[in-house]
Amino acid sequence: MVVNRKVTGRASSVSAGLATGTITGFLLALLLSALAAYLVSCEMLSMNKIGYSAVVVLILSSCVGGWIAAVRIKKMQVKMAAISGLLLYVLLLSMTALFFNGQYDAFGVTLLLVLLGSGAGGILASRKTRRRKLKYHKI
């Protein structure tokens, strides 16, 4: 079934959309990590809960980054969100190599969480909005 749509020209290029989604996800991860560190320093969050906050940070940041990439590119949303998640993962690995001398811990779990979050963002972006049909028409 062929769908003819009006071309609006509002979609980004793939590289620009992926860069936007990856950078947004990374900045959100930094912001949420800083918030978790502040909560730990103010003793509002116990030291035992740092692992849970890291899981939340990874899933939320990759979900938002994947959603932004998929919305900006406007085609193959789930695939573009997953690629954005992989780019975010590579960026996180490079930051680990830069600041922690390559001391990797649980990078398989991190990959799983980032792909899960970015896939969820892609699925959210690919959902079609349904318009409600009016039962009564004004005359």
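Among contacts in the chain between residues at least 6 apart in sequence, what percentage join residues at least 24 apart? The value is 79%, where a contact means heavy atoms within 4.5 Å.

## Basis of the model

This is a predicted model, in which local features need pLDDT of at least 70 and side-chain atom pairs count only at pLDDT 80 or more, while totals for chains, interfaces and linings use all residues. Residues are numbered from 1 along each chain as its sequence is written, and side-chain values use heavy atoms, with hydrogens and water left out.

## Overall content

The chain has four helices and zero strands, in the order α-α-α-α along the sequence. Helices (H or I, at least four residues) and strands (E, at least two) are DSSP runs, numbered from the N terminus.

Of the 139 residues in the chain, 28% are buried. Buried means under 20% relative accessible area, exposed over 50%, and partly exposed in between (1.4 Å probe, protein chains only). The accessible surface of the chain is about 10,400 Å², and carbon and sulfur atoms hold 66% of that area. Areas come from the Shrake-Rupley method with a 1.4 Å probe; for residues, only the protein chains shown count as cover.

## Helix α1

Helix α1 covers residues 14-41. Its 28 residues reach 40 Å from first to last C-alpha, close to the 40 Å expected at 1.5 Å a residue; the expected span is 1.5 Å times one less than the number of residues. Buried positions in α1 include G17, G21, G25, F26 and V40, and the buried residues of this helix pack against α2 and α3. Just after α1, E43 has a positive phi of about 60°.

I23, L27 and L30 form a nonpolar surface patch of about 300 Å². Patches use residues with over 30% relative accessible area and no salt bridge, joining like charges within 9 Å and nonpolar side chains (Val, Leu, Ile, Met, Phe, Trp, Tyr) within 5 Å. A salt bridge is a side-chain nitrogen of Lys or Arg within 4 Å of a carboxyl oxygen of Asp or Glu. L30 has a relative accessible area of 47%, so L30 is partly exposed.

## Helix α3

Among the buried residues of α3 are M80, L88 and Y89. Cover for the buried residues of α3 includes α1, α2 (50-73) and α4 (107-126). N101 follows α3 with a positive phi near 55°.

## Cysteines

C42 is partly exposed at 36% relative accessible area, whereas C63 is buried at 17%. With a disulfide taken as a pair of cysteine sulfur atoms within 2.5 Å, the count is zero.
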